[in-house]
Amino acid sequence: MAKKFPANRIKTHRVYDVWEIACALGCHRQTVIRWIKAGSLRAETTKKPWLIEGKDLKAFLGARHTTITAKLVLHHCFCLGCKAPREPDGKIADFTQQTPETGRLTGLCPECGALMNKVVKRVDLEAIRAKIEVTIQKASPRLVSRADPRSNVTISHKGQTHGKTQQG
Ligand SMILES: [Zn+2]
């Protein structure tokens with residue numbers, strides 16, 4: 001779950017190492033390392049320990065908070081790869097019911113091909129379906145199999161095409 005970190009504890013003119021950031025924010029060191037490796041958090045990584053300027057950390061936390069709270073267009077998903085909201089590739093997505101009121105919308109990022117998903121309300125589903133093609137999946141994807149129970153042959157559907165349109 002995304003969590004809001006106390007950016008006000010970070011001093012703009014200080015230089016931090018990973019450990020200090022983890023302590024200041026109350027998060028795991030690995031989390032900080034992941035931000036740096038993902039390129040989201042700027043750091044001086046040419047020598048150890050890695051050093052992060054307070055202002056860069058503040059900017060990162062600020063941007064992160066905006067991202068979390070920014071309201072996405074209903075049928076858009078947030079791509080973690082691009083760090084931007086995207087309309088699912090080919091305007092197709094899957095909806096998997098998770099609770100009676102909510103479910104997970106899954107689609108592919110048109111820019112980088114990463115799997116994107118977000119939790120949507122069941123009541124919003126019709127509005128989403130007005131924009132993109134949504135396939136309703138059963139609760140457990142494992143149960144959604146077209147394999148004929150009378151045969152032992154496993155049918156692979158990996159190459160499923162969705163009538164993807166050529167971009168030009
Ligand atoms: Zn992407």
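**Labels and their grounds**

Mentor: Go ahead. Keep in mind that this is a predicted model.

Trainee: What makes strand 5 and strand 8 a pair?

Mentor: Pairing needs at least two bridges. Strand 5 (residues 92-97) and strand 8 have 5 bridges, in the parallel sense. So they count as a pair. Phe95 stands opposite Ile136 in strand 8.

Trainee: How do you know that strand 6 and strand 7 pair?

Mentor: The cut-off is at least two bridges. Strand 6 (residues 102-108) is joined to strand 7 by 7 bridges, and the two run antiparallel. The pair therefore stands. Thr102 is opposite Lys121 in strand 7. Their hairpin has 6 residues between the strands, and Gly113 there takes a positive phi near 80°.

Trainee: Which order do the strands of the open sheet follow?

Mentor: The order is 7-6-5-8, with 4 strands and mixed pairing.

Trainee: Why are strand 7 and strand 8 said to stand at the edges?

Mentor: Strand 7 (115-121) and strand 8 (133-137) each have a single partner strand, so one side of each lacks a neighbour in the sheet. From one strand to the next, the twist averages 25°.

Trainee: Why is Lys11 called partly exposed?

Mentor: Buried needs 20 or more other C-beta atoms within 10 Å, and exposed means 12 or fewer. Lys11 has 13, so Lys11 falls in between and is partly exposed.

Trainee: Where does Lys11 lie?

Mentor: Lys11 is in the segment before strand 1 (15-17). Lys11 and Gly54 are 43 residues apart in sequence, yet 5.5 Å apart in space, C-alpha to C-alpha.

Notes: Residues are numbered from 1 along each chain as its sequence is written. This is a predicted model: local features need pLDDT of at least 70, side-chain atom pairs count only at pLDDT 80 or more; totals for chains, interfaces and linings use all residues. Axes are lines fitted to C-alpha atoms, for helices over the stretch in contact, and angles run from 0 to 180 degrees between N-to-C directions.
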